[in-house]
Amino acid sequence: MDAYEALVTRVSPALLEEPAPDQETENKIIAAALRAPDHKRLRPWRFISIRGEARGKLGDIFAAAYRKKLPNASPEVIAREKKKPLRAPLILVVLAKIVEDANVPASDQKYSAAAAAQNIILASEALGFGAVWKTGDAASDPLIREALGVKTNEEIVAYIYIGTVKARPNPPGALDVSEFLKSWPA
């Protein structure tokens, strides 16, 4: 698919299934992430790959974290939390790795990690897979952070779910660029 066409028609698929990208394809996806804008070449990102049975273990951690936060949560809600990592055969966790003494604001470093996450989504699409960006409470929960080995100078920017698209949703209608782009001064 043409790169521009992929950009303007990309949507988050509702259902992702096997097969996941193989290791060679996953490496290509991460290679694209490594080309994100990066002030002073700090490389302020790190990635964690979760596939196979590890997704079930992550689901147990998601459920335990939710249960700890809301002890009165219904079994159905806990079961739903436990199933979240099973939404796709591969999850790439994108972390911003903040370098404190780099004379680059932490926000710029987080934006770089977010750009790396977007590159993962676009590379997945270009390589024939679908990808969905999720974050939510699982990005900041202390129990989940500890289980994933997230360091104190790191933040989870995204959980990117990747797999084969079962049914590609129709892209939403085109937006009017003039509603979002204004010249300055007016």
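Me: A crossing is right-handed if the near helix is turned clockwise from the far one by less than a right angle, and left-handed if it is turned anticlockwise. Which of the two is the crossing of helix 3 and helix 4?

Reply: The crossing of helix 3 and helix 4 is right-handed. Helices here are DSSP runs of H or I with at least four residues, strands are runs of E with at least two, and both are numbered from the N terminus. The model is predicted, so local features need pLDDT of at least 70 and side-chain atom pairs count only at pLDDT 80 or more, while totals for chains, interfaces and linings use all residues. Residues are numbered from 1 along each chain as its sequence is written, and side-chain values use heavy atoms, with hydrogens and water left out.

Me: At what angle do helix 3 and helix 4 pack, and which residues meet?

Reply: The angle is about 145 degrees, and the axes are 7 Å apart. Axes are lines fitted to C-alpha atoms, for helices over the stretch in contact, and angles run from 0 to 180 degrees between N-to-C directions. From helix 3, Gly59, Asp60, Phe62, Ala63, Tyr66 and Arg67 meet Val77, Ile78, Glu81 and Lys82 of helix 4. Contact means heavy atoms within 4.5 Å.

Me: Which residues of helix 3 are buried?

Reply: Buried means under 20% relative accessible area, exposed means over 50%, and partly exposed lies in between (1.4 Å probe, protein chains only). Arg55, Leu58, Gly59, Phe62, Ala63, Ala65 and Tyr66 of helix 3 are buried. Seen down the helix axis, these residues fall within an arc of 165 degrees, so they line one face of helix 3. The arc is taken from the directions running from the axis to the C-beta atoms. The face turned away from that buried side carries the exposed residues Glu53, Lys57 and Lys68. The cover over the buried residues of helix 3 includes strand 2 (45-51), helix 4 (75-83) and helix 6 (142-148).

Me: How do you know whether Pro75 is buried or exposed?

Reply: Its relative accessibility is 64%, so Pro75 counts as exposed. Pro75 is in helix 4. Between the C-alpha atoms of Pro75 and Ala63 there are 9.8 Å in space, and the two are twelve residues apart in sequence.

Me: Why is helix 2 called oblique to helix 5?

Reply: The axes of helix 2 (residues 23-33) and helix 5 (residues 106-126) come within 7 Å and cross at roughly 140 degrees. That angle makes helix 2 oblique to helix 5. Angles under 35 degrees count as roughly parallel, over 145 as roughly antiparallel, 65 to 115 as roughly perpendicular, and the rest as oblique. Helix 2 passes helix 5 in a right-handed crossing. The contact is made by Ile29, Ile30, Ala32 and Ala33 of helix 2 with Ala116, Asn119, Ile120, Ala123 and Ser124 of helix 5.

Me: What makes Gln109 and Glu125 count as buried?

Reply: Gln109 has a relative accessible area of 1%, so it is buried. Glu125 has a relative accessibility of 14% and therefore counts as buried. Leaving aside neighbours within four places in sequence, Gln109 is in contact with residues including Leu42, Pro44 and Val104. On that basis of leaving out residues up to four places away, Glu125 touches Arg10 and Arg168.

Me: What do the buried residues of helix 5 pack against?

Reply: They pack against helix 2, strand 2, strand 3, strand 4 (130-134) and strand 5. Among these buried residues are Ser112, Ala113 and Ala117. Helix 5 has 21 residues and reaches 30 Å, close to the 30 Å expected.

Me: What phi do Lys40 and Arg41 have?

Reply: Most residues other than glycine have a negative phi, and most peptide bonds are trans. Lys40 has a positive phi of about 65 degrees, and the phi of Arg41 is positive, near 50 degrees. At 48% relative accessibility Lys40 counts as partly exposed, whereas Arg41, at 67%, is exposed.

Me: Where is the peptide bond to Pro19, and what is its omega?

Reply: The bond from Glu18 to Pro19 is cis, with omega near 0 degrees. Pro19 is in the loop between strand 1 (16-17) and helix 2. The bond from Trp184 to Pro185 is cis, with omega near -5 degrees, and Pro185 is in the segment after strand 5.

Note on methods
Expected span 1.5 Å × (residues − 1).
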